[in-house]
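Please open the structure in your viewer and keep the selection tool at hand. The stops below proceed from one element to the next.

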Amino acid sequence: MPSIEGIQYTYQIIYHKTKVGEKLFDKKKSPYFFIAPFFIMFVVFWIWPIAQSFIWSFSKWDGISEKKFVGFGNYISLFNDNDFLISLKNVILAAIVYVVILLAIALLLGFLLNSAMLKGRAFFRTSFFIPVTVSLPVVSLIFCIIYAPHNGVLNNILSFLGMPGSIKWLTNPKIALWSIVGLRLWRAVGYYTIFVIAGLQAIPKSTIEAGHIDGANTWQVVRYIVLPQLKPIIVYVIIASSIWAFQLFEEPWILNQGGPVNATSTVAIFIYRNAFQFFKLGYASASAYVLTMVIMIFAIINFRIMKD
Amino acid sequence: MNSRYMTNKIILFFIVGTMALIALFPFYWMIVSSFRTNPEIFSTKLNLIPKSFIFKNYIDLFKTTNFSRWILNSIIVSVATTALGLFFSTFAGYAFAKYNFFAKNILFVIVLLMMAVPRIVTIIPIFKLMANLGLINTYWALILPFAINPFAVFLMRQYIKNIPDDLLDSARIDGCNELQIVIRIIMPIIKPSLGAAGIFILMMSWNDYLFPLILMTSKDMMLFPVGLASLKTLYVVEYGMIMAGSFLSTLPLIIAFLLLQKQFIAGLTEGAIKA
């Protein structure tokens with residue numbers, strides 16, 4: 001049996017005598033070799049599927065029989081489909097409320113955690129980040145028992161504090177969507193606070209001191225010096241969190257299957273149902289593209305507002 | 001002045017402390033509930049502090065469900081996705097950072113643009129593709145689509161850009177070819193960044209629910225999030241057992257987070273700030 005040294009030696013000889021490495025990996029060809037594995041996969045599993053579902057969104061198809069071209073038919077039916085409209089409304093409403101509250105809490109918490117007055121900052125930062133490590137499906141399962149209507153811990157705490165403790169967090173159609181927003185906030189706040197802290201630490205101390213010397217109070221310093229400098233971070237938090245919020249699926253699906261009666265249905269749930277339970281692939285693709293359009297419009301509006 | 005400073009300090013600590021309690025409570029509740037029976041979890045009285053611990057949920061979890069298999073599946077999928085993902089994104093990131101080649105800028109813009117399209121748009125074509133390839137209920141169905149991560153490419157490009165060109169040129173003069181430069185010079189320098197990008201890819205893969213729900217349907221091939229959630233649809237729902245599984249599946253990430261805090265936070269946030 002050849003020893004490892006032997007193999008290495010033979011390899012070295014072949015490698016140096018034939019100069020395979022130098023010929024293959026010269027400066028001209030290398031970038032193509034390096035980028036090819038990623039790009040081939042990227043086309044197969046990302047760009048091509050995106051193009052395909054766009055094409056499919058203009059046809060009627062159950063996945064097995066022949067595709068039938070229907071033009072904008074799917075899009076027109078979508079806007080006459082009550083299930084879809086409710087799902088779209090839920091998602092937009094939930095996303096806006098979620099993003100606004102998220103931003104407010106993340107900014108507040110970022111300021112507090114960045115304050116030199118606070119003792120145990122490292123400990124607090126760690127504790128606020130811990131929810132991020134819990135996966136969304138698991139978070140949903142935990143809140144399943146927290147939100148339980150009969151003797152769930154949240155209701156128990158409320159009645160312990162003397163408040164009405166029989167709220168149907170998940171089965172009351174007026175409350176269910178907001179319970180899900182609350183759950184999502186719980187998981188996300190710590191994550192986005194990190195961005196705020198990083199943004200705050202990037203602001204030079206001298207600008208803030210200059211503000212204080214000029215006689216500005218704390219609120220004025222925050223309003224006129226700190227917040228404008230945080231703008232890029234704020235834009236990022238809004239865009240990133242909204243992209244995820246619009247795709248809301250796990251929590252309402254695991255907790256409620258979109259119920260009660262569509263109260264927590266989302267566009268992602270609508271896509272899942274139509275594609276994988278009703279086998280209306282063209283219709284589901286069209287709804288995915290409507291969602292994409294909504295996300296893009298939301299992002300553009302944000303950029304516009306934040307520009308001035 | 002001094003006493004006012006102290007009062008402010010105490011108020012601040014109290015506010016942040018309360019918020020931290022809220023942040024940690026569901027986590028605490030998961031652990032406590034995993035040692036309780038159903039009647040104890042849904043007790044008529046508030047019982048925040050456990051009086052006794054029962055391990056029945058943990059025993060049942062391994063005896064009556066496929067939990068160990070689900071976790072094994074999740075580990076295989078996420079580790080393979082991360083390894084392959086780092087390979088793809090390091091080489092692609094290096095090419096974008098350090099070379100000039102045909103259509104480089106157009107390709108990079110395409111990568112950035114595609115990042116903005118929600119992933120759910122791809123799910124139907126990917127399901128069809130995997131079905132045609134016969135890869136449904138195999139690990140590849142989840143590894144391949146998630147090993148390409150435009151965001152990780154973007155991250156690696158940013159990291160590698162910071163490496164001075166002189167260093168690479170001197171390696172070339174010493175007789176390194178381009179592949180050797182990546183393996184011997186670039187990789188050792190960006191090791192911490194590889195860790196950060198790796199954590200990013202790992203978290204995406206470990207936490208995903210929708211793609212595994214569709215692509216892994218047989219009982220033996222489920223990943224843990226789908227498996228655990230499926231226990232909720234049984235006739236009798238053992239919430240304690242579900243919490244036991246939730247805790248066990250979260251524990252590795254918590255430990256990894258506490259040990260590698262800096263890289264964890266960098267992996268999940270850095271690219272965004274640099275962008």
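How many of the residues of helix 7 (residues 136-146) of chain A are buried? Select that helix in this predicted model: 11 of its 11 residues are buried, and the helix is mostly covered. Show the side chains to identify them; among them are Leu136(A), Pro137(A), Val138(A) and Val139(A). Ser140(A) and Cys144(A) also belong to the buried set of helix 7 of chain A, as do Leu141(A), Ile142(A), Phe143(A), Ile145(A) and Ile146(A).

Next, select helix 14 of chain A, residues 281-307. This helix has 27 residues and reaches 39 Å from its first C-alpha to its last, close to the 39 Å expected at 1.5 Å a residue.

Now display chain A as a whole. The chain contains 14 helices and two strands. Its radius of gyration is 27 Å, well over the 19 Å that the globule rule gives for 308 residues, so chain A is more spread out than a compact globule. Along the principal axes, its C-alpha atoms fill a box of roughly 85 × 65 × 50 Å. Buried residues account for 39% of the 308 residues in chain A. Of the contacts in chain A between residues at least 6 apart in sequence, 67% join residues at least 24 apart.

Colour chain A by domain. The domain assignment gives domain 1 as 4-56 and domain 2 as 75-307; the C-alpha centres of these two domains of chain A lie 41 Å apart.

Turn to chain B and colour it in the corresponding way. Here the assignment places domain 1 at 2-56 and domain 2 at 58-274, with 33 Å between their centres, taken over C-alpha atoms. Where the two domains of chain B meet, 10 residues of domain 1 are in contact with 10 residues of domain 2. On the domain 1 side of this contact in chain B, helix 1 gives the most, with four residues. That side divides into four nonpolar, four polar and two charged residues.

Finally, select the contact between the chains. It takes 68 residues from chain B and 80 residues from chain A. Helix 1 (residues 2-34) of chain B gives the most to the side of chain B that touches chain A, with 15 residues. Colouring this side of chain B by residue type shows 52 nonpolar, 13 polar and three charged residues.

Definitions and conventions: Residues numbered from 1 in each chain as written. Chains lettered and ligands numbered in written order. Predicted model: local features only at pLDDT ≥ 70, side-chain atom pairs only at ≥ 80, totals over all residues. Contact = placed C-beta atoms within 7 Å. Nonpolar A, V, L, I, M, F, W, Y, C, P; charged D, E, K, R; others polar. Expected span 1.5 Å × (residues − 1). Buried ≥ 20, exposed ≤ 12 C-beta atoms within 10 Å, placed from the backbone. Rg over C-alpha atoms; globule rule 2.2 N^0.38 Å. Domains from an automatic or database assignment.
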